[in-house]
Amino acid sequence: MSSHPLVQLTLTRIREFAREPEAVFWAVFFPILLAAGLGIAFAGKPQTVLKIAAASTQIAQALKTEPGLDVAEMSVDEARLALRNGKVALVAEPGDGGAVVYRYDDTNPEGRTARMLADAAVQRQAGRTDPVAASDSIARDPGSRYIDFLIPGLVGIGIMSNAVWGLGFSIVDTRRRKLTKRLMATPMSRVHYLMSYLAWRMIVLVVEVAIPVGFGAIAFGVPIRGGLVDILALSVLGSLTFSAIGLLVASRAQTIEMVSGLTNLVVLPMWIFSGVFFSAQRFPDLVQPLIRLLPLTAFIDAMRGVQLQGNSLFHYGQELATLTVWLVVCFGLALKIFRWR
Amino acid sequence: MTPSALLVRGLRKSFKDVVAVAGVDLDVRPGECFGLLGPNGAGKTTTIEICEGLTKPDAGEVRLLGRTWSDHPKELRERLGIQLQETQLSDKLTVIETIQLFRSFYRQGPTVQDVLALVQLGEKSKARVGTLSGGQKQRLALACALVGDPELLFLDEPTTGLDPQARRQLWDLITAFKGQGRTILLTTHYMDEAEQLCDRVAIMDHGRVIALGTPNELMSQVKMPPRPPREHAATLEDVFVSLTGRHLRDE
């Protein structure tokens with residue numbers, strides 16, 4: 001076995017990681033569980049059948065002709081209660097003189113869709129004929145489903161969490177044991193010490209990317225349209241950037257409690273704002289420029305474009321620049337203020 | 001006259017408003033085992049850490065093997081062996097992995113197997129550090145200090161917390177190292193340890209050296225009221241060791 005100090009330090013990182021079962025769970029199994037859970041919840045279920053309530057037999061019979069609606073007949077009071085509890089998206093009640101009254105929440109997209117389907121069914125049953133003939137051709141392409149949106153986000157969040165938590169915990173634990181100080185009493189080079197953390201992240205990175213991407217492709221047919229080299233290069237840059245952030249977070253802390261607090265402070269805003277589980281476009285326009293400056297937003301946007309749309313990495317100059325600036329600034333600052341004892 | 005292995009002049013160090021070291025001079029000769037004695041808070045650890053180049057003094061001069069930390073930091077790191085008081089080595093590594101790691105930092109030194117044999121941890125080489133006893137951990141720490149074949153060895157309270165058997169085994173290792181003509185500076189608050197190992201001792205209190213000499217010189221300086229002749233030459237620790245045997249209890 002090589003006796004080069006960088007090799008030995010990197011081996012130490014890998015051994016300490018591999019012999020910590022919790023760490024391996026978070027890095028390897030957690031992304032699979034998350035992707036499987038969310039994928040099953042959102043990917044397989046056709047969203048076309050909406051539950052509604054009808055408050056008279058006549059209306060119910062008219063509505064049951066529409067295959068996109070699941071109609072339950074109940075009293076007016078029961079129906080209104082079901083609507084309030086979210087069990088049905090819409091209530092159709094008889095109005096004066098054979099009219100129909102639709103009761104629904106107009107801020108709920110399902111309610112609005114149910115309104116259109118229900119009214120069309122009622123009018124058709126009453127004898128309306130459409131002047132223009134129309135038929136449906138359904139397109140459900142891999143690449144535009146929720147699970148497709150989710151997988152690149154999970155890759156990003158895995159790389160970020162493992163880098164910031166992993167580095168922070170390991171560096172602070174070494175410092176807390178006064179082992180950093182002991183190492184500084186040997187001829188060990190500081191650069192080798194810090195590089196061993198980056199080398200360890202690069203080795204684990206293969207697993208962090210291959211598992212969610214591979215699982216998505218095998219279990220849900222999530223496409224990998226971009227070049228593997230582009231995906232790998234982007235992942236390396238992302239992992240280095242988040243490692244630099246982890247290094248900065250751990251640069252002064254002397255207790256695990258302190259580094260945990262700092263890590264949460266850094267990681268949680270990105271879990272929420274960077275568009276992992278839903279599009280970041282949903283946040284107000286005012287904060288969009290700030291969201292675009294977050295490194296996780298930059299990583300996930302570029303990853304989605306490369307993996308799902310098959311774009312070249314060169315399309316994402318702004319995202320790459322954002323990541324690089326974070327990398328350089330955090331690494332430089334961490335080197336300056338790192339507590340070596 | 002041969003130059004000192006370690007020369008300290010006018011050393012001072014304060015932490016905020018606490019004066020830890022208030023003007024210390026030391027002169028450790030090549031090949032001797034020098035003891036730094038004193039109660040807790042006397043300034044022993046601060047003094048030894050300044051000598052080790054881990055703490056910067058406020059004032060004063062430190063010269064090791066004729067070199068200074070400002071001029072030859074890399075060379076000094078190669079030529080010194082250091083054991084710190086509070087270091088906890090990584091619990092998840094094995095004994096041999098730990099020694100391999102420390103050995104990799106030094107350009108020259110004994111093989112990993114030789115160091116393992118030297119500190120008598122050969123049978124424990126595949127054991128995780130977290131499973132070792134106190135004495136075994138202390139011997140592993142000594143092994144990590146010896147991997148660079150040091151000319152000058154710093155040991156900060158090497159036997160604190162060990163049982164008599166483990167202490168005596170560590171004493172044997174230190175004595176053997178000294179027998180090769182190497183220099184040792186150690187701190188302790190066990191007087192029997194100083195008497196057993198050290199050629200000369202300095203007693204520190206309140207950041208100053210208040211007495212210096214061989215153990216015999218120091219003992220003869222103190223005028224004690226005449227004691228009745230001792231009936232037994234043995235100490236209570238000798239009794240303990242003769243009853244329980246010299247073999248180690250942790251393996």
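Two residues are in contact if their C-beta atoms, placed from the backbone, lie within 7 Å. This is a predicted model, where local features need pLDDT of at least 70 and side-chain atom pairs count only at pLDDT 80 or more, while totals for chains, interfaces and linings use all residues. Residues are numbered from 1 along each chain as its sequence is written, with chains lettered from A and ligands numbered from 1 in the order in which they are written.

**View 1. Chain B and its contacts.** Chain B is built from nine helices and nine strands (DSSP runs: H or I of at least four residues for helices, E of at least two for strands, numbered from the N terminus). Its radius of gyration is 19 Å, close to the 18 Å from the globule rule for 251 residues, so chain B is as compact as a globular protein of that length (taken over C-alpha atoms; the rule is 2.2 Å times the number of residues to the power 0.38). Take the contacts in chain B with a separation of 6 or more: 70% of them join residues 24 or more positions apart.

**View 2. The two domains of chain A.** Domain 1 covers 5–42 + 145–337, and domain 2 covers 50–125; these bounds come from an automatic or database domain assignment. Their C-alpha centres sit 48 Å apart.

**View 3. A close look at Ser312(A).** You'll find Ser312(A) in the loop between α12 (295–309) and α13 (317–337) of chain A. Ser312(A) counts as exposed because it has 11 C-beta neighbours inside 10 Å (exposed is 12 or fewer, buried 20 or more, partly exposed in between, with C-beta atoms placed from the backbone).
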